[in-house]
Amino acid sequence: MYFCTVGKIVSLQQAITILQNGGLVAIPTETVYGLAANALNLNSVENIYKSKGRPSNNPLILHFNEWKDAEPFVQNVPEDFFKLYAKFSPGPISYLLPKSALVSEKISAKNTTVAIRFPSHPIAKALLNELNFPLAAPSANPSGYISPTQSHHVLQQLGDKIDGVLEGGECAKGIESTIVGWDENGEIVIYRLGTITAVEIEKVLEKPVKVLTGEHKKIVAPGMLSKHYSPQKPTYITKDLRGKIHQFSEKKIGIIWQIKPDVFDLNDCINLSFSDNGNLEIIAKNLYKTMYKIDNLDVDVILIEQCLEGELGLAIADRLSRAGINLDI
Ligand code: TXA
Ligand code: MG
């Protein structure tokens, strides 16, 4: 099922050949689809930025199969890294580490660190296993738009700008990896929330972890900019859909609820929901898919209910706060 060749969907073997020849292939990971290229081929890396319309000051993550492949690309690695790697990698976490001279400034955008990640998706692993270079891969969406969690999202948004999409089904986690790094005092910092939570990281390291994301915090990574993961239609976020809906009475409204209500009482609207029962893992998995869906329906504005619960809920709320305008402040 996975390795068919329809349209721009390519087989694993074709993906290998395209990447070896300097092309761009969207690849499945357990978080979101990535737009991959040979990280050692600077023309290919340049083409990632071009095809996404990504500003050149927004650095890329290097993807590897395992630590021994990544080791030459980083230096002065803190002990904490090995504890986290042992527990969470391969999986949905990226590490910001001091880069070695092997990492081009085009990848790191002139930072002294580079982000490295070890995806667990079996197809990403099979691909990396066949390559003798790391893959640079940002999320496979036009800069600023929602990250793709299914191959057709990539085909719709970037199909004509890339050489192929490797089919890997729907991404299991649904939001981008947690990004951790170490500050000038060697303290661990979370720069982007993800499905691996601060509490889980604290448990492994047996010490508190600083979370440095959000609009009022210092911007270290452009991915921390306040508007970043948004639908094309005007999008608004609120804890109180029923209380805020009257503000849009002249418009065709699309609503996304956190939990499907027993009765959709806001009848004149298109109603979608992230989950049937509020399970946060399901909400994360469905987050971008549901936003894609509503963005493609006949609506003028999108209203999304904010997520209020739980540790993983912080990562979900973070993405939603960047998807649109907060109606509650
Ligand atoms: O789950 C993920 O991480 C996905 C999959 C494809 O691996 N990738 C992803 O990449 O989300 P991207 O490029 O869309 O987001 C990476 C974020 C950006 O906000 C970037 O600014 C930040 O990581 N970043 C990368 N390298 C960095 C560095 N050296 N210093 C600070 N931030 C960095
Ligand atoms: Mg991205």
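Which element gives the largest share of the shell around ligand 1? In this predicted model, that share comes from strand β6, with four residues. Local features are reported where pLDDT is at least 70 and side-chain atom pairs where pLDDT is 80 or more, while totals for chains, interfaces and linings use all residues; side-chain values rest on heavy atoms, with hydrogens and water left out. Residues are numbered from 1 along each chain as its sequence is written, and chains are lettered from A and ligands numbered from 1 in the order in which they are written.

Helices (H or I, at least four residues) and strands (E, at least two) are DSSP runs, numbered from the N terminus. Around ligand 1 there are 25 residues, of which Thr31, Asn58, His63, Arg117 and Ser177 come nearest, a residue being near when one of its heavy atoms lies within 4 Å. The shell divides into 12 nonpolar, nine polar and four charged residues, where Ala, Val, Leu, Ile, Met, Phe, Trp, Tyr, Cys and Pro count as nonpolar, Asp, Glu, Lys and Arg as charged, and the others, Gly among them, as polar.

Helix α6 (residues 122-130) has Ile123, Ala124, Leu127 and Leu128 as its buried residues, buried meaning under 20% relative accessible area, exposed over 50% and partly exposed in between (1.4 Å probe, protein chains only). These residues lie on the same side of α6 because they cover an arc of only 135 degrees around the axis, the arc being that of the directions from the helix axis to the C-beta atoms. An α-helix has 3.6 residues a turn, so residues three or four places apart point the same way. The face turned away from the buried side carries the exposed residues Pro122 and Asn129, whereas the cover over the buried residues includes α1 (12-20), β2 (25-27), β4 (61-63), β7 (135-136) and β8 (164-166).

In the loop between α4 (79-88) and β5 (93-98) lies Ser89, which counts as buried at 12% relative accessibility. Its side chain is joined to that of Tyr95 by a polar contact of 2.7 Å, a term for a pair of N or O atoms within 3.5 Å; within protein, one must be able to donate a hydrogen and the other to accept it, and residues adjacent in sequence count only if both atoms are side-chain atoms. The peptide bond from Ser89 to Pro90 is cis, with omega near 0 degrees.

Thr238, placed in strand β12 (residues 235-238), counts as buried at 0% relative accessibility, and the side chain of Thr238 reaches the backbone nitrogen of Asp240 at 2.9 Å.

Positive phi values in residues other than glycine include that of Lys110, near 70 degrees, and that of Glu206, near 55 degrees. Lys110, in the loop between α5 (105-108) and β6, is exposed at 65% relative accessibility, and Glu206, in the loop between α8 (198-205) and β11 (210-211), is exposed with a relative accessible area of 73%.

Terms used:
Contact = heavy atoms within 4.5 Å.
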